[in-house]
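Dear colleague,

I am handing over the structure below, and would be glad if you could look through it alongside the notes that follow.

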Amino acid sequence: MRSRSLAVVVIVLPLVLSGSVRAQTRGAQTPAPTARSTAPIDLTGYWVAVISEDWRWRMITPARGDFPSIPLNREGQRVAEAWDPAKDEASGERCKAYGAPGLMRGPTRLHITWQDDNTLQLETEYGTQTRVFRFANTTAQGARTWQGVSAAQWVLPGGGRGRGGARFGAMKSVTTQLRPGYLRKNGVPYSADTVLMEFWDVHTPANYDKLLVVTNIVEDPVYLQLPWTTAIHFKKEPDGGKWDPTPCDARF
């Protein structure tokens with residue numbers, strides 16, 4: 001009888017241990033994938049604006065009242081007609097044209113990096129601005145700023161897989177909590193109620209440099225009759241050799 005009991009112990013104990021290991025394995029949590037590890041495109045690096053259209057509105061400061069193509073309502077037109085850069089300078093508001101809704105159409109370079117695995121950082125040469133895109137859940141709160149609060153997500157059409165299994169997609173960002181500023185350097189306004197939606201795509205046309213295309217949609221119930229939609233192009237640069245940040249300027 002004693003030898004039989006020992007035999008049972010020898011046989012059962014490994015079974016108990018094996019079951020315990022399997023239970024621990026099932027209970028272990030796999031780390032959640034990060035935005036960086038699941039990115040369908042690479043937005044990082046240095047980019048320079050390709051200004052092949054709207055030159056007079058993007059490369060220089062237009063005259064007061066020169067606001068075609070922007071669907072301003074009457075109040076928006078009234079505010080734009082009252083633009084006075086000297087008043088902006090006197091009040092310390094030199095950066096009103098460098099807020100996120102207007103900045104991207106300026107003659108700027110971008111430097112995009114991963115701040116952490118779930119946060120992209122965008123720096124601009126023009127006006128020396130910094131914006132962050134958070135993929136983790138975030139709540140827009142606190143003081144309003146020129147760059148606001150940007151929530152980001154990957155958009156993966158058709159599951160995000162192309163020919164040969166290559167991933168493709170875009171980044172969608174929605175920016176709120178904005179400080180009121182200008183859509184165009186000559187005083188075309190946007191309000192604190194503005195929501196900026198952007199879609200960020202990377203393309204590599206045949207026999208051409210890599211392009212970043214940003215579709216920019218501005219919605220403002222205070223100054224706009226309709227959403228203002230534009231597409232902005234940037235060309236990839238090999239490095240930061242031409243990077244030369246400049247401060248905000250109310251006139252140029």
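The structure holds 1 disulfide, a term used for a pair of cysteine sulfur atoms within 2.5 Å. It is formed by Cys95 and Cys248, with the sulfur atoms 2.0 Å apart, and the link is right-handed, with 100° about the S-S bond. The pair joins distant parts of the chain, 153 residues apart, since Cys95 lies in the loop between α4 (85-90) and α5 (100-103) and Cys248 in the segment after β11 (228-237); helices (H or I, at least four residues) and strands (E, at least two) are DSSP runs, numbered from the N terminus. Both Cys95 and Cys248 are buried (buried is under 20% relative accessible area, exposed over 50%, partly exposed in between, with a 1.4 Å probe and protein chains only).

This is a predicted model, in which local features need pLDDT of at least 70 and side-chain atom pairs count only at pLDDT 80 or more, while totals for chains, interfaces and linings use all residues. Residues are numbered from 1 along each chain as its sequence is written, and side-chain values use heavy atoms, with hydrogens and water left out.

There are also 5 aromatic pairs (rings of Phe, Tyr and Trp, the last by its six-membered ring, with centres within 6.5 Å; planes under 30 degrees apart are stacked, over 60 edge-to-face, the rest tilted). One of them is edge-to-face because the rings of Tyr46 and Trp243 have their planes at 65°, with centres 5.7 Å apart. Trp243 is partly exposed, at 23% relative accessibility.

Best regards
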